[in-house]
Amino acid sequence: MSELYPWPGNYETGNPESPVAVITLSDDFDFEGDKVAIWGPMKTENLGIEKVVANVLSNPNIRFVIVCGEEIRGHRSGQTVMALIENGLEENGRIKGSEGAVPYIENISLEAVERFREQVEVIDLLGETSKEKIEKAVERCIDKDPGSFGEPYTALKIETREETVLETDFALHSSLKISPWGKISSMEEK
Amino acid sequence: MFSFTQEQRTYDLEGIHVGGQPGVHPTLMVGTIFYEEQFEDPREEQEKAAELIHQQDKLSQRTSIPSLVDIFIYEKNEIEWKVDFALENIDGVFSLDMPESEVRIEVLNHLKEIGALENVIYNSFNLGVTEKEIETLKENPPKGAILLGYNPQKNNTQGRVDIIKDGGALMEKGLLPLAKDAGVEYLLLDTAATPFGEKACESLRAVPVFKNEFGLPTGCSLHNTVESWKWLDEYESEENIFRTLDASIDNLPVLLGADFIYYGPIENAGLALPNMAMVDKLMAEGAEDYFGAEISEEHPHKSL
């Protein structure tokens, strides 16, 4: 069985059968355990969104993502996650239509992003901080739950790790050499 | 500890020297003001803000560690009063921290209008730059800019170099040639702090690599790495823990040759500046004793 919510982050979990995930942006809300599957704040318009995508994909029962709470100023993470679901990615990984500072998805595959976009419907409550209103939206989502999206999808993190070299003649970085006298220069310099 | 064979550029920011060989000039410390949640009503609490700047200035005089103020501007409607505040309360150069491109564009236009482009370090020129912003920068270049080496596609040291040098796979041109073309005079390189688990240590490794590659003043703001460390959430209310860790993590890039540090909330000047005086004193002794470097006059090496 695949792991539920495999990417670490700042989130709480409730009923895995629930069709609802709630992104609370800069606010902290708590929800009754049986109504919401996963909820938590989301600070950044790049790494934060990647965590949401990966964790939502791990639970195909989640069919709605409610975006609520005060927007993250500067990052515009709420607007950006909605733009991702609405528009997808440009070729270089930039989220189309995002107003955020550096809205790039780079650690997760395009296939995963497209599946996320198909799996969930976004509920725009950006700026909403009334817990009562958010809970009503949760109820409405539960009422129109279309059922599971199928098998869980495990989004692997794309690693760009450089090959580790244990026996080498460089220190710090492959472009640098440090002389026995402490002088740093480029590797190609004599 | 080290010295670079590549010539190292030093800028004179109205009497503050930043850059050069490690140990020669004290580290420039930049404290941030008007960050999110610092004040309940920032516009009404400008006196408190001015007092914090005054405290940082006093510590700079006492320690010989130079400092600048970094002012957060999130929204367009904050531009006018925050720039006015800076001009009224700060002698010389200050840094404006503007996460959104649209805000940065408006700021440049406003600075041009009031004749204050010469006072500003633009923070930051980064991957999120738009065509419109580049055009505005060419028309209204600020005196200086922080060029941020953040590369979400390839966040190892080489990826960070690429964003500065040629844009890597994400930009058509690198931030350095773009800033030079725009006519920005002071080019300060930021190795881009990333959270633990996202190649955080590459922000350190990139310090000597940037200095060797570009010969320009280089720094970073590793307090961001501390503040995104999740286990510390349980100590959220214990400011001393954050302030201590914020100050101590700044020692590491300086050991590797960093010239400036964005140390985070300006309230932490009382820890951050004396801490840096200690590190700089050690670095200066090493540079003088071992490399025969001539240490600058305004330096804790001589004054403390």
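Author: Two residues are in contact if their C-beta atoms, placed from the backbone, lie within 7 Å. The structure discussed here is a predicted model.

Reader: Leaving aside neighbours within four places in sequence, which residues is B:T32 in contact with?

Author: B:T32 is found in strand 4 of chain B. Neighbours within four places in sequence are left aside. The contacts of B:T32 are then B:D70, B:F72, B:D97, B:Y262, B:G264, B:P265 and B:I266.

Reader: Is B:T32 buried or exposed?

Author: A residue is buried if 20 or more other C-beta atoms lie within 10 Å of its own. B:T32 has 22 C-beta neighbours inside 10 Å, so B:T32 counts as buried.

Reader: What distance separates the C-alpha atoms of B:T32 and B:I53?

Author: B:T32 belongs to strand 4 of chain B. B:I53 is 21 residues apart from B:T32 along the chain. The separation of their C-alpha atoms is 9.6 Å.

Reader: Are helix 1 and helix 11 of chain B roughly parallel or roughly antiparallel to each other?

Author: The axes of helix 1 (residues 46-63) and helix 11 (residues 269-291) of chain B come within 10 Å and cross at roughly 20°. Angles under 35 degrees count as roughly parallel. Helix 1 and helix 11 of chain B are therefore roughly parallel to each other.

Reader: Is the crossing of helix 1 and helix 11 of chain B left-handed or right-handed, and how many charged residues has their contact?

Author: The crossing of these two helices of chain B, helix 1 and helix 11, is right-handed. From helix 1 of chain B come B:Q55, B:Q56, B:L59, B:S60 and B:T63, which meet B:A269, B:G270, B:L273, B:P274 and B:A277 in helix 11 of chain B. By class, the contact of helix 1 with helix 11 of chain B has five nonpolar residues, five polar residues and no charged residues.

Reader: Which elements do the buried residues of helix 9 of chain B pack against?

Author: In helix 9 (residues 239-249) of chain B, the buried residues are B:R243, B:D246, B:A247 and B:I249. The elements they pack against are helix 8 (223-227), helix 10 (251-255), strand 11 (260-265) and helix 11 of chain B.

Reader: Is A:L25, with its positive phi, buried or exposed?

Author: A:L25 is not a glycine, yet its phi is positive, about 50°. A:L25 has its place in strand 2 (residues 20-25) of chain A. With 27 C-beta neighbours inside 10 Å, A:L25 counts as buried.

Reader: Which are the edge strands of the open sheet of five strands in chain A?

Author: The five strands of this open sheet in chain A stand in the order 1-3-2-4-5, with mixed pairing. Strand 4 (residues 64-69) and strand 5 of chain A run parallel and are joined by six bridges. An edge strand pairs on one side only, and the edge strands here are strand 1 (12-13) and strand 5 (121-126) of chain A.

Reader: Which element of chain B gives the most residues to the side that touches chain A?

Author: 27 residues of chain B are in contact with 25 residues of chain A. Strand 1 and helix 7 of chain B are the elements that give two or more residues to this side of chain B. The element that gives the most, with four residues, is helix 7 of chain B.

Key
Residues are numbered from 1 along each chain as its sequence is written. Chains are lettered from A and ligands numbered from 1 in the order in which they are written. This is a predicted model: local features need pLDDT of at least 70, side-chain atom pairs count only at pLDDT 80 or more; totals for chains, interfaces and linings use all residues. Axes are lines fitted to C-alpha atoms, for helices over the stretch in contact, and angles run from 0 to 180 degrees between N-to-C directions. Angles under 35 degrees count as roughly parallel, over 145 as roughly antiparallel, 65 to 115 as roughly perpendicular and the rest as oblique. A crossing is left-handed if the near helix is turned anticlockwise from the far one by less than a right angle, and right-handed if clockwise. Ala, Val, Leu, Ile, Met, Phe, Trp, Tyr, Cys and Pro count as nonpolar, Asp, Glu, Lys and Arg as charged, and the others, Gly among them, as polar. A residue is buried if 20 or more other C-beta atoms lie within 10 Å of its own, exposed if 12 or fewer, and partly exposed in between; C-beta atoms are placed from the backbone. Two strands pair if DSSP finds at least two bridges between them.
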